[in-house]
Amino acid sequence: MKTDRLLYSVLPPSVANELRHDRHVPPRKYEEVTIMFSGIVDFTQYCARNTDAKGAMKIVRLLNNLYTTFDVLTNPKTNPNVYKVETVGDKYMAVSGLPEPCDSHAKCIAKLALDMMDLAEKVKNDDGQPVCSIYIERK
C-alpha cells in the first residue's frame, strides 16, 4: 500500500510496525546514541554560482545523486544499526543506538562517515566534477 511505503520511508521500521498495527509507541529515554551530521564543503558558494533555473536544477540533481548514493549505506535491511533521520538542503543526519539500542553505536556511525566520504568522491556534479568532500560532525 502507498501509505505503508510512506510510513516506512519516514520512520524507523520498529516504530512504523507498531503504528501500522494501531499500537501506541511510548516515548523512551536512550542513554547512549551517536548522531552524525554531514554537509557539502563550499555548498553555499556552489549555490551562489548557480542561481538561475538551470543552476537550480543542477543543485537538485547533485543533492539527489549524492543522497541517493548515501541512502544505500543507511538501508535498514543491510545496515540495521544505522537510521537516516533526515536530509535538509546539503545536510544529512543519521543516528545509531536508537530506536534500537546498539552497543557499537559510535563504531557504526564512524564507519558510515568514512563510507560516505569515500562515496562522495565518486559522485559527480553536472560539470563532471566530483562533489569532492563532505564534512562530518559528531554530536
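This is a predicted model: local features need pLDDT of at least 70, side-chain atom pairs count only at pLDDT 80 or more; totals for chains, interfaces and linings use all residues.
Colleague: Thanks! How many helices and strands does the protein have?

Modeller: Helices (H or I, at least four residues) and strands (E, at least two) are DSSP runs, numbered from the N terminus. Here there are five helices and four strands, and from the N terminus on they run α-α-β-α-α-β-β-α-β. The C-alpha trace spans about 50 × 35 × 25 Å along its principal axes.

Colleague: What percentage of the residues count as buried?

Modeller: A residue is buried under 20% relative accessible area, exposed over 50% and partly exposed in between, with a 1.4 Å probe and protein chains only. By that rule, 31% of the 139 residues are buried.

Colleague: Now the strands. Which sense do β2 and β3 pair in, parallel or antiparallel?

Modeller: Two strands pair if DSSP finds at least two bridges between them. Strand β2 (residues 83-88) and strand β3 (residues 91-96) have five bridges and pair in the antiparallel sense. Glu86 stands opposite Met93 in β3. The two strands form a hairpin with two residues between them, and Gly89 in the turn has a positive phi of about 60 degrees.

Colleague: How many aromatic pairs does a search of the whole structure find?

Modeller: In general, a pair of aromatic rings is described by the distance of the centres and the angle of the planes. Rings of Phe, Tyr and Trp (its six-membered ring) pair if their centres lie within 6.5 Å; planes under 30 degrees apart count as stacked, over 60 as edge-to-face and the rest as tilted. The search finds three pairs. One of them, Tyr67 with Tyr92, is tilted, at 5.2 Å centre to centre and 35 degrees between the planes. Tyr67 lies in helix α4 (residues 53-71) and Tyr92 in strand β3, so this pair ties together parts that are 25 residues apart in sequence.

Colleague: And why is the pair of Phe70 and Tyr92 called edge-to-face?

Modeller: Because the planes of Phe70 and Tyr92 are at 85 degrees, with the ring centres 5.5 Å apart. This pair also links distant parts of the chain, with Phe70 in helix α4 and Tyr92 in strand β3, 22 residues apart. Ring pairs link Tyr67, Phe70 and Tyr92 into a cluster. Tyr67 and Tyr92 are buried, and Phe70 is buried too.

Colleague: Let's end with the backbone. Which peptide bond is cis, with omega near 0 degrees?

Modeller: That is the bond from Leu98 to Pro99; Pro99 sits in the loop between β3 and α5 (105-120). Asp22 is exposed, with a relative accessible area of 75%.

Colleague: Where does Asp42 lie?

Modeller: Asp42 is in the loop between β1 and α3 (43-48). Its phi is positive, near 60 degrees, and at 48% relative accessibility Asp42 counts as partly exposed.

Key
Residues are numbered from 1 along each chain as its sequence is written. Side-chain values use heavy atoms; hydrogens and water are left out.
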